[in-house]
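Subject: A structure for you to look at

Hello,

Here is the structure I promised to pass on. Have a look at it first, and then read on for what turned up.

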Amino acid sequence: MFTLPIIDVKTDALDLLLAGLGFRLHSLAKNRENASFNRLIEGKNITIQFTSPTVARYYRFKNSHFHQVAGTANNADLSIAFKDSMTGAKMLAKSDVTAFMTAVQDGEVTITGDYKLVLWFAGVAKHAAKIPDEYQTYIDQAKPYTKQIINAIKNKLK
């Protein structure tokens, strides 16, 4: 595994997912066009950290702005630790809070801090998951390549 230095992202499924989500959240916070998203982050001062044995990245929401950083946070309000990166990537990609809580019970995910923030973040992330219409053609063009990458990763893990 190596790091892409220009954007400070590891070639790791979880870090790639978190970085991509972070870029989208940054875009939403910066353009201020989504009123529902703006209400969710308005006045918040929250740090959420995600880790696995190979990845650490945190998101900071402060004064209606958003920042992401590769590394660990001092005094995160919520820390989510995955048993491994693939588990983290799968859990976040599903965006199913019930499956997430089941993974906590099964010991695949450990949460420390304010549990209410899990639901708050799920609401925030839901806005990031919606693809703006102007980007849909790019996404459609990238889908075949994404499938090839996912299949290559799956074959490597076998």
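Predicted model: local features only at pLDDT ≥ 70, side-chain atom pairs only at ≥ 80, totals over all residues.

On the α1 side the contact is made by Ala13, Leu14, Leu17 and Leu18, and they meet Ser85, Met86, Gly88, Ala89, Leu92 and Ala93 of α3. Eight of the residues in this contact are nonpolar and two are polar, with no charged ones.

Next, the largest nonpolar core, which has 31 residues. Leu25, Tyr59, Phe61, Val109, Trp120 and Phe121 have the most contacts inside it. Among the elements that each supply at least two residues are α1, β4 (56-62) and α5 (116-129), and α5 gives the most, with seven. Take Phe121 as a way in: leaving aside neighbours within four places in sequence, Phe121 touches Leu21, Leu25, Ile48, Phe50, Tyr59 and Phe61.

And how many salt bridges are there? The count is one: Arg57 pairs with Asp15, with 2.7 Å between the closest N and O atoms. This pair links strand β4 to helix α1 across 42 residues of the chain, and both Arg57 and Asp15 are buried.

Enjoy exploring!

Best wishes

Notes
Residues numbered from 1 in each chain as written. Heavy atoms only, no water. Contact = heavy atoms within 4.5 Å. Helix = DSSP H or I, 4+ residues; strand = E, 2+ residues; numbered from the N terminus. Nonpolar A, V, L, I, M, F, W, Y, C, P; charged D, E, K, R; others polar. Core = buried A, V, L, I, M, F, W, Y, C linked by side-chain atoms within 4.5 Å. Buried < 20%, exposed > 50% of the residue type's maximum accessible area, 1.4 Å probe, protein only. Salt bridge = Lys/Arg side-chain N within 4 Å of Asp/Glu carboxyl O.
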